[in-house]
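Here is a short note to read beside the model. Take the points in order and find each residue as you go.

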Amino acid sequence: MMSMISIQERIRTRKNLLSTWLAGTIVAAYSLLALGFLGLTQASIEAGDMRSMLLLASATTCGYIYQCPPFRLSYQGLGEPLCFAAFGPFATTAFYLLQSHGSIYSLPLNGIILSASLLVGFTTTLILFCSHFHQVEGDMAVGKMSPLVRIGTKSGFGVVRVAITTLYSLVFALGLSKTLPLTCTILCALTFPLGKLVVSYVEEYHNDKVKIFMAKYYCVRLHSLFGAALSAGLVAARMFNVTFNPRPIFC
């Protein structure tokens, strides 16, 4: 009898500790969210461009409704569009606008920054999409309707192939239209073998729950290398006075 009481007390103690730990984690998470948002707001005020604060608020909102209650839109398979918007047009454009710190003029929005933000959003979203391949069974078990739960891994491979093709087609189209400088097109094109590796790896292992785990890490490498190539292309264009057409869209 004493043994049963002791076991029940241990279970109760562990439950209390778990509840306390969860409550502390939630408080810490919301505190960090608030501190981060206050810091970004201060940076926007110092830059003198409130557009950046609105864009950062939009990016933060996308991240919150993606994963946090009561929304958790990731369970409805909406993580990819939210990820694209948050890390692409919203965050990338916002951090560009923050570079006007100390200037009496606000930086204009032009085709270069909007094109770059779309490409960054594209490669970031590809990471998220490929992270679902090894989680299909787990997502189904908890009722998370990720894209791969809905369409299956074979169709998911088709999406990856179309995404990589679209990414490099966009780079060439933006280069030909002189929206992006030629240096960006050339340097980004050099990352194509890594993009091809992502496609071939997903094609071969999309049904292998163990090996497909690495697909998202190949996407991370692609994202990093592609972003570095894009940045280097913009720097090179400025250094060598490469001709392109940065038409202002919003001032």
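1. Start with the lining of the largest pocket. Its largest share comes from α9, which gives seven residues. Keep in mind that this is a predicted model.

2. How much space lies in the largest pocket? About 500 Å³. The lining has 20 residues. Closest to the centre are Tyr-96, Ile-112, Ile-113, Leu-234 and Arg-238. Find these five before you go on.

3. Which elements give two or more residues to that lining? They are α3 (79–97), α4 (111–130) and α9. By class, the lining of the largest pocket has 13 nonpolar, six polar and one charged residues.

4. Stay with α9, but turn to its contact with α8. Helix α8 covers residues 192–205, and helix α9 covers residues 215–239. Two packed helices are described by the angle between their axes and the distance between the axes. Here the axes come within 9 Å and cross at roughly 165°. An angle over 145 degrees counts as roughly antiparallel, so α8 is roughly antiparallel to α9. The crossing of the two helices is left-handed.

5. Which residues make this contact? From α8 come Leu-194, Gly-195, Leu-197, Val-198, Tyr-201 and Val-202. From α9 come Ala-215, Tyr-218, Cys-219, Arg-221, Leu-222 and Leu-225. By class, the contact has 10 nonpolar, one polar and one charged residues.

6. Next comes the second largest pocket. Its volume is about 250 Å³. It is lined by 15 residues. Nearest its centre lie Ala-59, Thr-60, Gly-63, Ala-86 and Phe-87.

7. Where does the lining of the second largest pocket come from? Both α2 (50–67) and α3 supply at least two residues. The largest share, seven residues, comes from α3. The lining divides into 12 nonpolar, three polar and no charged residues. Note that α3 also gives residues to the lining of the largest pocket.

8. Finish with the cavities. How many reach 30 Å³ or more? The count comes to one. The largest cavity has a volume of about 40 Å³.

9. Which residues line the largest cavity? They are Tyr-66, Ser-74, Gly-77, Gly-79, Glu-80, Leu-128, His-132, Lys-144, Ser-146 and Pro-147. By class, this lining has three nonpolar, five polar and two charged residues.

Terms used
Residues are numbered from 1 along each chain as its sequence is written. This is a predicted model: local features need pLDDT of at least 70, side-chain atom pairs count only at pLDDT 80 or more; totals for chains, interfaces and linings use all residues. Side-chain values use heavy atoms; hydrogens and water are left out. Axes are lines fitted to C-alpha atoms, for helices over the stretch in contact, and angles run from 0 to 180 degrees between N-to-C directions. Helices (H or I, at least four residues) and strands (E, at least two) are DSSP runs, numbered from the N terminus. Angles under 35 degrees count as roughly parallel, over 145 as roughly antiparallel, 65 to 115 as roughly perpendicular and the rest as oblique. A crossing is left-handed if the near helix is turned anticlockwise from the far one by less than a right angle, and right-handed if clockwise. Contact means heavy atoms within 4.5 Å. Ala, Val, Leu, Ile, Met, Phe, Trp, Tyr, Cys and Pro count as nonpolar, Asp, Glu, Lys and Arg as charged, and the others, Gly among them, as polar. On a 1 Å grid over the protein atoms alone, a cavity is a set of points where a 1.4 Å probe fits but cannot get out, and a pocket is an open set with protein on both sides within 12 Å along at least five of seven lines; lining residues have an atom within 4 Å of a point. Grid points are joined across faces, edges and corners, and a volume is the space filled by probe spheres set on the points.
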